[in-house]
2 protein chains.
Amino acid sequence: MMNRMLIDYLRTRKALVDEALEARLPREDVEPKHVHAAMRYAALSNGKRLRPILSLAVGELGGCPVERVLGSACALELMHTASLILDDLPCMDNARSRRDLPCTHVSFGEATALLAVMGLVALSFDLVSADADASVRSASSEPVIRILAEAMGTRGLVLGQHIDLAQTGCACDSMDLLEEVHRYKAGALFLACVLIPAHLAGMGADQVKALETYARSIGFAFQITDDLLDARRGSEDLGKSTFVTLLGREAAERKARVLVQDAIEAIRLFGDKAEPLRALATHVTARKE
Amino acid sequence: MMNRMLIDYLRTRKALVDEALEARLPREDVEPKHVHAAMRYAALSNGKRLRPILSLAVGELGGCPVERVLGSACALELMHTASLILDDLPCMDNARSRRDLPCTHVSFGEATALLAVMGLVALSFDLVSADADASVRSASSEPVIRILAEAMGTRGLVLGQHIDLAQTGCACDSMDLLEEVHRYKAGALFLACVLIPAHLAGMGADQVKALETYARSIGFAFQITDDLLDARRGSEDLGKSTFVTLLGREAAERKARVLVQDAIEAIRLFGDKAEPLRALATHVTARKE
């Protein structure tokens, strides 16, 4: 896929996701208005929508009509949004701004931010469940609910955030530990982004396994690229180790490139049809923001 | 059901639920150990288990083997537990103790308490989904996931907690407002406790409707009884209106009794089989703790 085509691809998909999120999030003129406003504020501002775009691309690869995976693609973005609100809270990373805007708890207060987290999580399960139900080829919706629950729970986001908090300011930082934080904290949700549409599309075990490797690799490359961009902007959290502080810039860039090659190699079995996924993998490390 | 029989019934069901919760909660010697310890602390200490016992009774009424509704009964208790941790946080009700023990955030810190909430919610969806999948009579698991998501989200617990926070210290207290807080905050989960097993057991629309009325009535009676017990102990939160402060003790007791009669009336169509549910309804207002 040429660069121009990729840009168009990302733009149209992002517009599709933005529109779907807008339609699925509860309205601000319905009670609890303040909580709904916080949910919309957190979910609708400035996201790159990489996770739902990845999800749509996998659904497409599996021959699933876009409307049958769009709800669960939104669900994954909303779960991601909920995890960001949580991470920024005073008792967690105590951040003040995110994506150049005040954090949700700064704009709406902690109580409402927490209620927004709960509202987003509930909506996320609801949307995945609705997609699973509408999917004729999937024998049962249980796998997809389980994938989302696992990505969220103490073997996913919760575990990653716990290790992240435990290692802050700790002298025993190591690549192993950092890889572990990342594998659960961001990696679990990237994994869900390929597994859920793969199940909805009724893909076979070999295909699912290939996509799993792909997701792990680009999830990891995505995190390293985030650290590189933070270092370039000087916006890294100085109390925390990153892939850049541990490896140095050049080695970190090299590692991200190798991971992208791993990702592309993993989905070779899909042939030409996987062109959007290959382009997305390349885009992950090439992005400038 | 005689009083003695009811006590035995509650005791055996509570033991069953306690054992099932113990087995389904992640172990404390598995990472994230601290989060798992907080989840177990909050879920395993001193609960009356009324919600899961209600759930089991409805499953039984619908002819569902207990092992097919036990997971979702646990799920409802875990969702309730998560909501209690959340309500007690400094930015919410700022409570220090619950059920005669320090609150989860007091014992484990706020960050871990929040991660425990997320872990419990994820586990809750996982358990309901597994029960739905194993249920042969239910055509789809989508309704049960949706019921749980709705009980949790901005039309359930989140809405109730939002109204509760908004009315604290507000002079405009009224019965209407208090009923509304209750309907969402506790009522939504009571409703889920009958709707989920009813769906798993494949009950018809008339039966589901009867159980809905039953759940709303006993949920409301349960809350009024809670307020009466708090007033008797002198442990009510003085900043908040309760059914006792608004109605007076006698009228509150009368209202609870009428609600129990409504609940019993609603399930008349089930005949003798509904004896456990009738006994549970009576127990809700007769309890001493």
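## A helix and its cover

In H14(A), the buried residues are Pro276(A), Leu277(A), Arg278(A), Ala279(A), Leu280(A), Ala281(A), His283(A) and Val284(A). Buried means that 20 or more other C-beta atoms lie within 10 Å of the residue's own; exposed means 12 or fewer, and partly exposed is in between, with C-beta atoms placed from the backbone. Helices (H or I, at least four residues) and strands (E, at least two) are DSSP runs, numbered from the N terminus. Residues are numbered from 1 along each chain as its sequence is written, while chains are lettered from A and ligands numbered from 1 in the order in which they are written. This is a predicted model, in which local features need pLDDT of at least 70, side-chain atom pairs count only at pLDDT 80 or more, and totals for chains, interfaces and linings use all residues.

H14(A) runs over residues 275-286 and has twelve residues. From first C-alpha to last it reaches 16 Å, close to the 16 Å expected at 1.5 Å a residue. The expected span is 1.5 Å times one less than the number of residues. What covers the buried residues of H14(A)? The cover includes helix H1 (3-24), helix H3 (50-61), helix H11 (205-233) and helix H13 (249-266) of chain A.

## Packing around H14 in chain B

Two packed helices are described by the angle between their axes and the distance between the axes. Here, axes are lines fitted to C-alpha atoms, for helices over the stretch in contact, and angles run from 0 to 180 degrees between N-to-C directions. H13(B) (residues 249-266) and H14(B) (residues 275-286) pack at about 170°, with their axes 9 Å apart. That makes H13(B) roughly antiparallel to H14(B). Angles under 35 degrees count as roughly parallel, over 145 as roughly antiparallel, 65 to 115 as roughly perpendicular and the rest as oblique. H13(B) brings Ala256(B), Arg257(B), Val260(B), Ala263(B) and Ile264(B) to the contact. H14(B) brings Arg278(B), Ala281(B), Thr282(B), Val284(B) and Thr285(B). Two residues are in contact if their C-beta atoms, placed from the backbone, lie within 7 Å. By class, this contact has six nonpolar, two polar and two charged residues. Ala, Val, Leu, Ile, Met, Phe, Trp, Tyr, Cys and Pro count as nonpolar, Asp, Glu, Lys and Arg as charged, and the others, Gly among them, as polar.

H11(B) (residues 205-233) is another partner of H14(B). Their axes come within 8 Å and cross at roughly 25°. That makes H11(B) roughly parallel to H14(B). Tyr214(B), Ile218(B), Ala221(B), Phe222(B) and Thr225(B) in H11(B) meet Leu277(B), Ala281(B), Val284(B) and Thr285(B) in H14(B). These residues divide into seven nonpolar, two polar and no charged.

## A covered helix

H4(B) spans residues 66-88, which is 23 residues. Its first and last C-alpha atoms are 33 Å apart, close to the 33 Å expected. H4(B) is mostly covered, with 19 of its 23 residues buried.

## How the chains meet

38 residues of chain B are in contact with 38 residues of chain A. Four helices of chain B each supply at least two residues to this side: H2 (33-44), H6 (110-134), H7 (142-152) and H8 (157-167). Which helix gives the most? H6(B) does, with 15 residues. The side of chain B that touches chain A holds 22 nonpolar, ten polar and six charged residues.

Chain B can be laid on chain A with an RMSD of 0.0 Å, by a turn of 180° and a shift of 0.0 Å along the axis. That is the relation of a two-fold axis. Copies are superposed by least squares on the C-alpha atoms of residues with pLDDT of at least 70 in both. 100% of the interface residues of chain B are also interface residues in chain A, so the copies meet through the same surface.

## Backbone exceptions

Most residues other than glycine have a negative phi, and most peptide bonds are trans. The bond from Glu31(A) to Pro32(A) is cis, with omega near -5°. Pro32(A) is found in the loop between H1 and H2 (33-44) of chain A. Glu31(A) counts as partly exposed, with 16 C-beta neighbours inside 10 Å. In chain B, a cis peptide bond joins Glu31(B) and Pro32(B), with omega about -5°.

Asn94(A) has a positive phi, near 50°. Its place is in the loop between H4 (66-88) and strand E1 (97-98) of chain A. Asn94(A) is exposed, with 11 other C-beta atoms within 10 Å. The phi of Arg99(B) is also positive, near 50°. Arg99(B) is found in the loop between strand E1 (97-98) and strand E2 (101-102) of chain B. Arg99(B) is exposed, with 12 other C-beta atoms within 10 Å.
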